[in-house]
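Please keep the sequence and the structure in view while reading.

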Amino acid sequence: MNKPLTGKVALVTGGSRGLGAATVRLLAEQGADVAFTYVSSGKQAQAVVDEVHGKGAKAVAFKSDQAEVRQAPTLIDDVVAHFGGLDILVNNAAISVNATVDDPNADTAALDRMHATNYLGVIAVTRAASRVLREGGRIITVSSGLGSRAGVPGVADYAATKAGVERYTMGVARDLGPRAITANVVEAGLMTGGMEPPNPETLKVLLSSLSLQRLGHPDEIAAAIAFLASPAASYVTGAVLDAHGGYNA
């Protein structure tokens, strides 16, 4: 198998399951040494590490809560100490909380944690990583089709976090371009094994809005991330790559 990422070090936030785990596996298969974070799923994280090691590649898991933005510099320092550098950052960690803006019973604490994880946490990790990313590095931020189109009720807060990191990534591309560091977004869609799916009625509406009218598989979205991390994407920056089954078509 071609290994275009040989000699590279990658960090994937939220890498113990779903899209994060698929991304860890694929980047490792393509030759990268991969660090990833988890919050509470220690056993799942170790299973991913063991799987990568079993295929002759390198991986390490760090417990780090992205909502606690002060942990970001320590995380980056730990990755560099372990692997000797950093070339690829995949901002994947995120949570989803649904509530209409006029819901008097909305869990505002959960909404605040979502904003901290999905938006402030991405900024903190990106800032910390930017200090050490080597020339020609890659930053890939995982967003959602809801980052550009809020197609159902109850997603205003979630959509805002994703739209925010998309625009932030455009600014990052401008700031780090002189160092040949690219920054791009992958708008991921609903997928198997991902976050908690919406209720059946909402899921039906969402699937009907997709050109492909099916859930994606984490490996399909991970392939888009791996492309942006690869040498083949050296002249792609400040871009949004849709990998959501045609939600905006």
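This is a predicted model: local features need pLDDT of at least 70, side-chain atom pairs count only at pLDDT 80 or more; totals for chains, interfaces and linings use all residues.

**H1 and H2**
- The axes of helix H1 (residues 18-29) and helix H2 (residues 42-54) come within 10 Å, and they cross at roughly 20 degrees.
- Angles under 35 degrees count as roughly parallel, and H1 and H2 are therefore roughly parallel to each other.
- The crossing of H1 and H2 is right-handed.

**H4 and H5**
- Helix H4 (residues 108-130) packs with helix H5 (residues 156-176) at an angle of about 10 degrees, their axes being 9 Å apart, which makes H4 roughly parallel to H5.
- On the H4 side the contact is made by residues including Leu111, Met114, Tyr119, Val122 and Ile123, while among those of H5 are Tyr158, Val165, Tyr168, Val172 and Leu176.
- The residues of the contact of H4 with H5 divide into 10 nonpolar, 6 polar and 3 charged.

**Thr141**
- Thr141 lies in strand E5, which covers residues 138-144.
- With a relative accessible area of 2%, Thr141 is buried, because buried means under 20%.
- The side chain of Thr141 makes a polar contact with the side chain of Asn91, at 3.2 Å.
- Leaving aside neighbours within four places in sequence, Thr141 is in contact with Asn91, Val122, Val165, Thr169, Asn184, Val185 and Val186; among these, Val122 belongs to the H4 side and Val165 to the H5 side of the helix contact described above.

Methods:
Residues are numbered from 1 along each chain as its sequence is written. Side-chain values use heavy atoms; hydrogens and water are left out. Helices (H or I, at least four residues) and strands (E, at least two) are DSSP runs, numbered from the N terminus. Buried means under 20% relative accessible area, exposed over 50%, partly exposed in between (1.4 Å probe, protein chains only). A polar contact is a pair of N or O atoms within 3.5 Å; within protein, one must be able to donate a hydrogen and the other to accept it, and residues adjacent in sequence count only if both atoms are side-chain atoms. Contact means heavy atoms within 4.5 Å. Axes are lines fitted to C-alpha atoms, for helices over the stretch in contact, and angles run from 0 to 180 degrees between N-to-C directions. Angles under 35 degrees count as roughly parallel, over 145 as roughly antiparallel, 65 to 115 as roughly perpendicular and the rest as oblique. A crossing is left-handed if the near helix is turned anticlockwise from the far one by less than a right angle, and right-handed if clockwise. Ala, Val, Leu, Ile, Met, Phe, Trp, Tyr, Cys and Pro count as nonpolar, Asp, Glu, Lys and Arg as charged, and the others, Gly among them, as polar.
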